[in-house]
Amino acid sequence: MADILRAQSPFSGRLPVTAGPFKAVEVIPGSVMSVAPYRGQQAAVSKALSHHGLRFPDAGEAVEAAHAAALWTGLDECFVISDAPLPLNLDGIAAVTDQTDGWGWLRLTGAGWQEVMARLCPVDPALMVPGRALRSEVGHMMAIVYGVTDGVIVCVMRSFAGTMAHDISVALTSVAAQKEME
Amino acid sequence: MRLTCPLCGPRDVREFSYRGDAVLTDRPTTPEGFHDYVHIRENPAGPHDELWHHGAGCGGWLKVRRDTVTHEVLSVALAREARS
Amino acid sequence: MRLQGFGQIDRSSPVRFEFDGRSYGGFAGDTLASALLANDIRLIGRSFKYHRPRGIVTAGSEEPNALMTIGQGAAANPNTRATTQELYDGLVARSQNAWPSLGLDVMEVNDLLAPFLGAGFYYKTFMWPKAIWEKLYEPVIRHAAGLGALSGQDDGQSYDTGFLHCDLLVIGSGPAGLMAALTGARAGKRVILAEEDFAFGGRLNAEAEEVAGQPGPAWVASVIAELAAAPNVRLMRRTTVTGAYDGGTFGALEQVAEHLPSLPQGAPRATFWRIAAGRTVLAGGAHERMIAFRDNDRPGVMQASAVRSYLHRYGVAPGRKVAVFTNNDDGWRTAADLIAAGVTVTAVIDPRAHTQHDLPCRMIHGGVVTRAHGRLGLDNITVRKPDGAEIKVDADCLAVSGGWNPSVHLTCHMNGRPDWSEDIAAFVPRPGAVPGLIAAGAANGMFSTHGALRSGAQAAAEALDIKPIKVPQAEDATFEITPFWHVEGPGRAFLDPQNDVSVKDVKAAHQENFRSVEHMKRYTTLGMATDQGKLSNVGALAIMARLTGRDIPEVGTTTFRPPYTPVPIAAFAGRAARDTFRPHRLTPSDALSRERGAEFIEAGLWHRAAWFPQPGEDWLAACNRETTMVRETVGVADVTTLGKIDIQGPDAAVFLDRVYTNMFSTLKVGRVRYGLMLREDGFVMDDGTCARLGDQHYVMTTTTAAAGQVMVHLQFCQQVLWPELDVRFISVTDQWAQFAVAGPKARDLIRDVVAEDVSDESFPYMGCGAVTVLGVPGRLFRISFSGEHAYEVAVPARYGDALARALTERAEALGGGLYGMEALNVLRIEKGYITHAEIDGRVTADDIGMGRMVSAKKDCVGKVMSERPGLHGPERCQLVGLRPLNPDAAALHAGAHLFALKAEITPDTDQGWLSSACYSPTFGHRIAYAFLKNGRARHGETVRVVDRTKGTETLCDVTAPMFYDQEGGKLRG
């Protein structure tokens with residue numbers, strides 16, 4: 001029993017990638033918990049989350065606090081991401097599932113990153129702003145897209161990380177090459 | 001084609017998949033109703049209630065009223081809130 | 001011939017290019033067509049069917065003749081219109097459809113045979129015998145009649161797709177499009193201006209006109225400068241909007257690099273955009289049409305407007321002695337512009353008896369051109385004067401104007417039909433044909449420049465519900481036309497030069513009663529070539545209208561469909577090509593498996609290790625070794641790919657009772673149960689295990705193949721069928737790395753990695769619970785898909801690679817090791833576990849011997865329909881095992897069919913099919929599963945297994961569908 005299993009991040013060895021002004025780097029949240037309030041319990045869940053400066057987000061919303069955020073991820077569901085696991089105290093009012101290892105997160109930055117997203121995602125990049133979290137597909141993969149001040153965070157299921165890294169790399173290289181041509 | 005998801009807003013049709021006639025929302029409570037429920041469908045030229053799934057989005061099942069002649073989308077609602 | 005003082009080409013940037021092996025000069029800003037004409041090249045191709053010499057007809061994307069192959073090698077681009085191909089230094093162009101050369105084309109014999117090669121000829125002549133059609137006629141015809149060909153090799157280039165969003169999409173950047181874009185831009189709207197040409201401006205670049213007191217191109221430049229400076233405007237040159245679709249969606253092809261000698265590193269050759277537009281202004285202009293007369297396809301016969309384009313935009317006179325044949329004022333403008341440029345105009349022929357025009361050249365009012373002369377290029381024309389006298393007029397270029405057709409195509413893509421306008425003798429878009437789209441300018445039949453400017457501004461204002469902006473001053477002449485389509489006479493008068501369809505062919509169609517436009521189109525192939533009849537459609541309708549005594553609107557048009565101009569298939573695919581055709585899902589043990597030399601198999605999007613060959617092993621040897629290893633020691637396999645769905649909530653148990661056929665509310669916490677799911681029509685959807693981790697907490701396992709489908713089904717059940725149930729679920733497939741550890745030594749291995757007690761008391765067969773795995777919180781399930789004592793052990797996925805290595809190392813120390821999908825499949829066949837090879841959507845629970853799993857105590861999805869009488873009884877094919885009589889028999893493959901011993905082999909005597917088969921190293925012969933009519937009652941019988949695709953027949957004994965450890969002692973022991 002001497003082994004201590006070595007952890008590996010989803011994009012390990014695959015990111016960062018850069019081209020022109022663009023950069024995609026891996027982001028590793030300390031904890032990601034899916035929170036799905038039971039029937040009629042959204043207000044109670046929001047109250048419980050308020051201890052961490054959060055509340056249950058509206059559709060398409062990202063509620064941010066200093067060291068945590070609640071990202072809307074679908075019908076009756078959000079992800080609470082935080083630097084370290086939080087005591088959520090949601091027993092009986094919400095289904096809580098550990099998703100920390102289930103997803104790979106990357107941050108895309110660089111002036112004109114919207115052009116890169118336009119190659120990958122059918123949603124208008126103008127909607128990818130701080131305070132917004134949306135579900136869509138990115139490069140034919142189910143994704144969570146979350147606006148940040150200098151770019152966007154894209155999150156796909158862990159097993160897709162290889163394809164995601166490849167696709168974002170091709171897209172940002174392609175857009176950078178086309179900027180060169182102008 | 002685009003659908004306006006009640007949760008996600010206007011989205012490209014590629015995010016959705018089609019399930020068919022919205023009669024599926026009314027699952028029979030007695031055995032007699034199941035034949036019609038599973039097999040019998042109207043095929044109207046005009047407004048039609050149907051079910052779509054926002055699989056690449058919120059995961060919501062949507063009840064969409066769509067004109068089958070013009071493809072105009074007349075309304076979209078979450079299926080669980082639009083049950084008859 | 002190049003003219004000094006004309007054109008917008010960059011004379012300071014000369015370029016060299018090659019056409020059919022000879023080198024020529026041109027300038028930056030030329031198209032290939034303008035440069036060829038500047039070099040006095042008139043013969044540029046051979047026609048599709050008759051191999052007639054052909055020349056450049058247009059100056060735009062409607063060009064039917066000047067199709068070239070551009071570039072060399074794998075990435076050569078066939079069927080490129082020389083009229084839209086930008087010239088660059090080093091461009092290499094080849095003509096098409098001529099052998100051995102353009103000037104001497106041996107297939108020109110087809111032209112002499114033309115009386116026999118009219119419309120319908122192929123169908124009538126080569127009908128019989130069928131075999132000869134396929135083997136001889138068709139290949140020869142395809143070779144003889146054709147366009148350019150792709151190289152057949154991977155072009156090694158990338159393409160892209162993307163998505164754009166705007167308030168206003170403006171299609172076309174002529175006067176109407178520019179005003180529409182300006183209107184939207186100044187109101188702060190998000191505007192996309194798409195222009196198929198490499199220069200903005202449309203016909204303002206091709207006319208000697210002023211706007212707001214400036215030369216047209218200068219006004220264009222000032223507008224583009226304003227738009228380029230606006231952050232809310234996206235200017236897209238070289239971008240053709242190719243289709244209009246529902247909900248304001250448009251397809252658009254952006255050519256990124258066809259104007260460059262080579263593709264810049266990393267850049268795509270083209271991008272196909274899907275544009276979501278709030279509103280759209282179609283300002284795509286109009287196409288000038290030709291007039292049909294004998295031999296009107298001779299090189300040198302051109303659109304009158306194209307002649308002006310070459311003159312004003314490229315500084316090229318397409319001929320030294322130009323004649324003009326026109327039924328409207330536009331042809332006269334061409335003559336006037338040529339004369340002003342010092343080019344000789346030998347005559348203007350107008351079928352109208354009188355016009356207001358007076359030019360210093362020969363004018364023949366009331367006359368028609370009856371024939372063009374000159375084989376490889378126009379020498380002169382025959383003109384019939386009003387008095388009937390025929391004269392010859394010298395001309396190396398004939399500029400023809402038969403009027404203008406608004407470019408209505410996009411407005412027809414959603415099944416809209418255009419309206420006929422008598423004023424301009426042409427079809428115009430029907431308002432509202434594409435919801436949210438308004439046509440403006442020449443595309444809406446507004447042919448004066450001022451009218452186009454005005455209508456563009458108005459259309460955008462109307463579309464966006466804002467105020468129109470001020471319209472600059474420009475030419476505002478009225479357009480006058482007397483329809484004139486065809487000069488009667490002997491010989492062939494071409495309507496559709498790209499498909500070699502002449503007036504005679506339309507007459508033949510009429511004669512044979514193909515009178516509906518859609519029938520006429522298919523009989524003659526008119527408008528079916530890559531130009532989609534942009535030049536020919538209306539002319540043919542007019543002739544059919546006359547033949548049938550109807551009006552043109554009564555005849556109607558054929559259907560215009562996307563794409564407006566050809567789109568490379570590669571551009572539709574974008575990045576989804578080659579090995580990234582679709583996303584890959586990789587397992588936690590992927591790196592380890594690759595290090596071990598595994599061969600992989602795709603299961604849905606997953607890439608799973610299929611077998612791990614050791615030196616000298618083929619797949620079968622590896623599979624046999626791995627199977628035996630699991631039976632004798634212990635094997636480790638990655639089963640992360642199975643769908644895992646975390647289910648929680650007060651009604652979780654009730655919910656599972658309703659989606660599974662069997663009971664899950666009675667399952668004890670810490671135990672696992674096998675479950676079966678049906679579709680509502682009563683057939684099996686999926687199977688798998690489901691573990692109860694807490695009173696209100698389950699983890700469902702689905703098959704790898706059906707994970708997505710089951711998730712969608714659960715969402716359907718919860719949201720649509722029973723929203724009153726309080727249950728929540730989410731996929732945890734990627735959260736947990738999960739490995740099967742199977743074999744007699746499985747417990748030895750598990751004991752070594754799991755901190756907790758794993759005795760039968762703590763972890764009996766079908767037990768589960770939270771454990772600590774090498775210091776990490778994990779989960780352990782005592783379940784088996786092999787028939788052996790087995791576990792599935794799960795840890796958070798970040799530890800998946802490390803755990804795979806730790807388990808493999810320990811297994812190897814015990815004499816075992818990794819096993820792949822092939823061995824996994826053999827193990828489950830030996831044991832009698834089903835997969836989607838068995839539950840293929842056609843079988844019921846009863847068919848697979850699980851009828852009793854459909855609980856009588858409760859309802860579930862599919863229960864009622866599964867009880868239909870026809871789904872039970874001896875007529876059904878039921879799951880059985882098969883064992884060949886001859887143990888050395890090699891031929892048992894899934895897909896073979898079953899027959900009774902003495903039966904004739906016919907579809908009527910078919911008794912079932914083989915669903916899975918393998919060689920069993922455990923038993924030393926092949927085994928199989930099959931669905932056999934009334935099979936459960938026939939154990940011990942002998943049947944014939946007939947495989948028509950492999951030409952084999954094997955006798956097999958029918959057995960129970962389980963070969964290995966039928967008592968189950970190994971599972972529990």
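Guide: A nonpolar core is a set of buried Ala, Val, Leu, Ile, Met, Phe, Trp, Tyr and Cys residues joined through C-beta atoms within 7 Å. The structure above is a predicted model.

Visitor: Which residues touch the most other members of the largest nonpolar core?
Guide: The largest nonpolar core holds 374 residues. Those that touch the most other members come from chains A and C: A:Val156, C:Val170, C:Leu398, C:Val741 and C:Leu803.

Visitor: Which helix of chain A gives the most to this core?
Guide: One helix of chain A contributes 10 residues, the most given to this core. That helix spans residues 161–181 and is α3.

Visitor: Why does the core lie between two domains of chain A?
Guide: Domain 1 comprises 17–28 + 101–181, and domain 2 comprises 31–98. Because both give residues to this core, it lies between domain 1 and domain 2.

Visitor: With which residues is C:Val741 in contact, leaving aside its neighbours within four places in sequence?
Guide: Contact here requires C-beta atoms within 7 Å. The partners of C:Val741 are C:Val634, C:Val636, C:Ala746, C:Leu749, C:Ile750, C:Ala790, C:Tyr791, C:Val793 and C:Leu807.

Visitor: In what order do the three strands of the open sheet in chain C stand?
Guide: β31 (585–586) and β32 (599–603) of chain C each have a single partner strand, so they stand at the edges. The pairing is mixed, and the order is β31-β33-β32.

Visitor: What is the bridge partner of C:Glu599 in β33(C)?
Guide: Strands β32(C) and β33 (residues 606–611) of chain C run antiparallel and are joined by five bridges. In β33(C), C:Glu599 is partnered by C:Trp611.

Methods
Residues are numbered from 1 along each chain as its sequence is written. Chains are lettered from A and ligands numbered from 1 in the order in which they are written. This is a predicted model: local features need pLDDT of at least 70, side-chain atom pairs count only at pLDDT 80 or more; totals for chains, interfaces and linings use all residues. A residue is buried if 20 or more other C-beta atoms lie within 10 Å of its own, exposed if 12 or fewer, and partly exposed in between; C-beta atoms are placed from the backbone. Helices (H or I, at least four residues) and strands (E, at least two) are DSSP runs, numbered from the N terminus. Domain bounds come from an automatic or database domain assignment. Two residues are in contact if their C-beta atoms, placed from the backbone, lie within 7 Å. Two strands pair if DSSP finds at least two bridges between them.
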